[in-house]
Amino acid sequence: MTETTANLADDKADGKQRPRLPLSVLPIIEIAMLALLMLYPIFITYLTAEGEALDFNNYFVVRVTSIILLAMLAVSFDLCWGYSGIMSFGQALFFGIGGYFVAKLSEETGMTSMLIIIPAGMLVGLISALLVGWFLLISKRTPTIIFVALGSLTASFAAERLVAGWQWVGAGNGMSIWDFPTLFGTDLEPGIGFYYLAVACLLIAYLASRYLVRSQFGLALAGIRQNEDRLAFLGYRLQAFKLIVFSFAGLIAGWGGAIYAFHEGFVGPATVGVTTSTYAVLYGLFGGVGTLIGPVIGAGVIEGLTVILSDNETLKAYWPIALGAVMLVVVAYQPTGLVGLLVTQRERFGSFGIRKGKKSSGTDDAGKADGHD
Amino acid sequence: MDVAIKLIFDVLAFSSIMVLVVLGLAVIASMMGIFNLGHGEFVLLGAYTVYIFRELGLPEWAGMLAAPFLVAIAGLVIEIVFIRRLYASPVIAMLATFAIGLIIRELIRVLIGGQYYAIDEPVPGSVSLLGVDVSAWRAIIIFLTGVLMVACFIFLTRTSFGLQIRGALENPGLARASGVSTTRLYAFTFAFGAALAGLAGALMVPLFSLSADLGVRFLVQAFLSVMLGGVGTFEGPILGSAVIGAMVPGFQWLREIPLFGIMVGDLIQPIVAEVLVFIVALIIVKFRPDGFITKGRI
Amino acid sequence: MANKHANGGGGITRRSLLRGAGALTAAGWVAGFSGGWILRPRGAFAAAPIKFGVATDITGAIAPSGNSNWQVIQLAVKKINDAGGIGGRPIELYLEDTASDPKVAVGNVLKLIQQHKVDVVVGGITSAMREAIKNPIVRRGKTLYLYPQLYEGQECTEHLYCTGPTPAQQCDELIPYLMNTHGKKRFAMPSANYRWPQLLNKYARALIEKNGGEVVFEEYYPLDQLEYSATVAKIKSEGVDCVFNTIIPPGLQAFTKQLYESGFQKDGGAHTCVYFDENSVNYVPERELEGVYTCLDYFHTVDDPVGAQLQKEYAEMFPGTKYLFTAGSAATGAYRAVKFYEAAVKKTGGDLSREAVSAAIDDVAITDVPGGDSRMVPGTGHCALNMYVAQAKGGSYEILSSANMVPPQECG
């Protein structure tokens, strides 16, 4: 309230024309992305029809479905890093566990119903994140960022080694999921139906996360981000908060991973390992952590470019190097990522890791002033 | 008795390699507060140097000799161009090192084509140690590491530069206040850490085959060693590496002993023994977050 | 089959690939609009082309085998097109790189199926790759799939045909030979921890015990395990006289080195590994390979005029290539796959629908392939092959014994 009134007073005082309320760019970006996702299959089908009959289950729709599921992984990473300061280098662990769990379940019981796959993925993602989070985040003294970062990396690495050596889950071969998932009795083949299901899941996960970080709970998270010690003195149980967010992120990752396994028809050690975890970090940093939509865009851009470039033999080889270079540039010069180019500081709901010295202005609702920092 | 000798030898050999890898990492971490997430890639660069030398027709030992110097230069360049400006925010620096490691890793993957390459050791065959046949090359690694450790110790305790390093290690602020040029010091330390890692990579590539993902596995083990050993001292990382170095081959050997009449090996597959190292190490770190030898800060 | 890696004695895969890309364009390959490579047949053909998909590892760890598969398939298709195609229809080749990475492969294979709508796919080398891509090809893509590599058996998926040796074919000759001719009785099975060694070992064990031998130990290691001193020590202390090795790179180099250094072969121990072929000298030093026993469907030293002629033509088409036309790399299986498909389409009279071709290929015989004639065993999806037991001697393989038309004994 104070801030807004002050603005209005300023306007009157110096008579300059200034917008009364700052334009919120973030929701515009979100809505634009949603529209893009909803219209894409129709658009691309017409574009690539090449005179033949319209096939909505075409290659481009299927590829983008995979990317949407990976975007869920990106969102889960952002919840950890962008909003709670938990540098999780091992987020793929939960993504992959979700996949492995439903793959094994399907192999043992023959179940294929989406109505089981989704809750199963969520559940196993939640529980594993709870366990790992309890180990990494809860202790007498606050664990350092480095411990959490490398601890999660180790967890993802160890998991990759473990499943690669465990015959029960296919060892190095991974597990092939033969059947299509079913929804209310009908097979759901990869295609436009599956696409919209993925969009729906991403949307729900996104909205849930958005709600979480803009709630009272989210305010506490913002406090943790700004100044942990201060919040601790105020009596907040920091570690419990972090664990809750971490578990929720794990839930989303497991959810995405379970659907992903059934979409690809395959889950292997790579799904749970360090490379995928690294990509989660890349999606987040590139797109812009602390905005939720940033990592979604980051996933879309990075994976999309990977698909496009995979056709050119030369470029394909250099693409991962380029990704590393991009990450370096982003980290050093544009820590707010792609979205940061458009969204002002005051709109961001997370800015952990911004270089000290840069002003981090009020990060909560455009009404409550933050006097310090 | 034979088994015990073989076991101790294996442990010593692996620990030696770990010490070389970890020392640089730990010193950088304690002095500058930055955990170099690309450190594994310095190891990779050292191994790659040997490979390049071999491709050029030069003998492997020449590559091993050149590796620490070349990797030191690489480390120096990285420090000056990227890391130096990020000391104020360690978290950003960490992410930057992660990105740099990624670039190096993928660059090498392009250059060597994603396969595994076998490199011959300069000294093949075995020697007889107390009646047991052990690999000659591993014996040389243990010997070289020992010599290097002694040299480092002398350097740190007898030279003035070494004194500056130890001071900056224990208390960087005070060191700076006392007029020690931390810029030069940091640059040197970073390059030195890289050199050691490069040497480790060069020395052990005959044992481990060259591949682009060599760095990742060493990063995890190095991290555990540093956490176990504690940061801020010279002896801490050595102890940590010794522990990890003992566990990795040790757990594999553990599978060979009978326990209460049951072969441990029947219960524990090699893969479990490997993952067990991580779990045990993480548990120890959790209960002793400062590591075994605690003098400095992280 | 197992993973196969080779270092090619210094060749750098990507560079040679880029060089090769130039050669490809010169040879008529065209980069597809959104994927892979397409080789359109030369000359004028009356009928519409047959679309032949190849999904193999052009880059990555398995690249040496993948590239040799790819080149061999080109040779096979060129010969067919030069002779007028199949029933007047030329073959059009579509290539997608599975990059030795199952996760990437799934997406790329999708291109073959959904975009190019190929009529058949040959590919996959490692079992992991086969497991990953068989679903998009056979189930989701509803396309015929031919798998060319030696492997662990028990792949009974419909419309999936295997043209490489099975455990039965490899072991039925090799194990009795080792036991009866060389008196080996105490076997050790150090293995890579995944499906192929596990199933292969099971079969081998049964055979060993049937012949009165004993498996002293059977252990599984992670693929990149490099510490084998405990294993080698056990081999020596337990008096093992034959090592049935199913470790694959990168652990392979470490294991063979440590085995050799322990003096096992010097003391008369036999080392056998069923995927070793002429390529193996490229990734294991020759001294460690010396004397190793193997059993495959083809060696360069087999007295086989068809094979010899093909080697010549292969050398002409790809001069100086380091990707050899060998059996362990699935190249012979790939060649056979093309010939089986040709024979099947001839039988269906040009009907390319999966059901028709699958029914035809199920019971068809081929000649004019390296190693000798081969025929599919109806109802099983596998083929009978001539098998040769050989021993490495100075970089090439000396044939010790052979058997004709060994049955695959799978899915029966």
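1. Let's start with one residue. C:Asp297 touches C:Pro165, C:Ala327, C:Thr332, C:Gly371, C:Leu385, C:Asn386 and C:Met387, leaving aside residues up to four places away in sequence. Touching, or being in contact, is defined here by C-beta atoms, placed from the backbone, that lie within 7 Å. Take C:Asn386 from that list: C:Asp297 and C:Asn386 are 89 residues apart in sequence, yet 5.7 Å apart in space, C-alpha to C-alpha.

2. Before going on, a word on what you are looking at. This is a predicted model, in which local features need pLDDT of at least 70, side-chain atom pairs count only at pLDDT 80 or more, and totals for chains, interfaces and linings use all residues. Residues are numbered from 1 along each chain as its sequence is written, while chains are lettered from A and ligands numbered from 1 in the order in which they are written.

3. Back to C:Asp297: where does C:Asp297 sit? Look in the loop between strand 12 (293–296) and helix 10 (305–317) of chain C. Helices (H or I, at least four residues) and strands (E, at least two) are DSSP runs, numbered from the N terminus. C:Asp297 counts as buried because 27 other C-beta atoms are within 10 Å. The cut-offs are these: buried is 20 or more other C-beta atoms within 10 Å of the residue's own, exposed is 12 or fewer, and partly exposed is in between, with C-beta atoms placed from the backbone.

4. Two other loop residues in chain C deserve a look for their backbone angles. C:Lys117 has a phi near 50 degrees, a positive value in a residue other than glycine. You'll find C:Lys117 in the loop between helix 3 (102–115) and strand 5 (120–123) of chain C. Is C:Lys117 buried or exposed? With 12 other C-beta atoms within 10 Å, C:Lys117 is exposed.

5. C:Gln154 also has a positive phi, near 65 degrees, and is a residue other than glycine. Its place is the loop between strand 6 (144–147) and strand 7 (160–162) of chain C. C:Gln154 counts as exposed because it has 11 C-beta neighbours inside 10 Å.

6. Staying in chain C, follow helix 3 to helix 4 (residues 127–140): their axes come within 9 Å and cross at roughly 35 degrees. Axes are lines fitted to C-alpha atoms, for helices over the stretch in contact, and angles run from 0 to 180 degrees between N-to-C directions. Among the residues making this contact are C:Val106, C:Val109 and C:Ile113 of helix 3 of chain C and C:Ala132, C:Ile133 and C:Ile137 of helix 4 of chain C. By class, the contact has 12 nonpolar, no polar and no charged residues. Here Ala, Val, Leu, Ile, Met, Phe, Trp, Tyr, Cys and Pro count as nonpolar, Asp, Glu, Lys and Arg as charged, and the others, Gly among them, as polar.

7. Helix 3 (residues 60–83) and helix 4 (residues 90–112) of chain B have axes that come within 11 Å and cross at roughly 130 degrees, so helix 3 of chain B and helix 4 of chain B are oblique to each other. For the word oblique: under 35 degrees is roughly parallel, over 145 roughly antiparallel, 65 to 115 roughly perpendicular, and the rest oblique. B:Ile78, B:Phe82 and B:Ile83 of helix 3 of chain B meet B:Ala93, B:Ala96 and B:Ile100 of helix 4 of chain B. That makes six nonpolar, no polar and no charged residues.

8. Chain A has 14 helices and four strands, and buried residues make up 51% of its 373 residues. Where chain A meets chain B, the contact takes 32 residues from chain A and 27 residues from chain B. Helix 6 of chain A gives the most to chain A's side, with 11 residues. That side has 20 nonpolar, eight polar and four charged residues.

9. Finally, turn to chain A against chain C: 27 residues of chain A are in contact with 32 residues of chain C. Helix 3 (59–84), helix 6 (145–165), helix 11 (269–272) and helix 14 (313–333) of chain A each give two or more residues to this side of chain A. The residues on this side of chain A divide into nine nonpolar, 12 polar and six charged.

How values were computed. Two residues are in contact if their C-beta atoms, placed from the backbone, lie within 7 Å.
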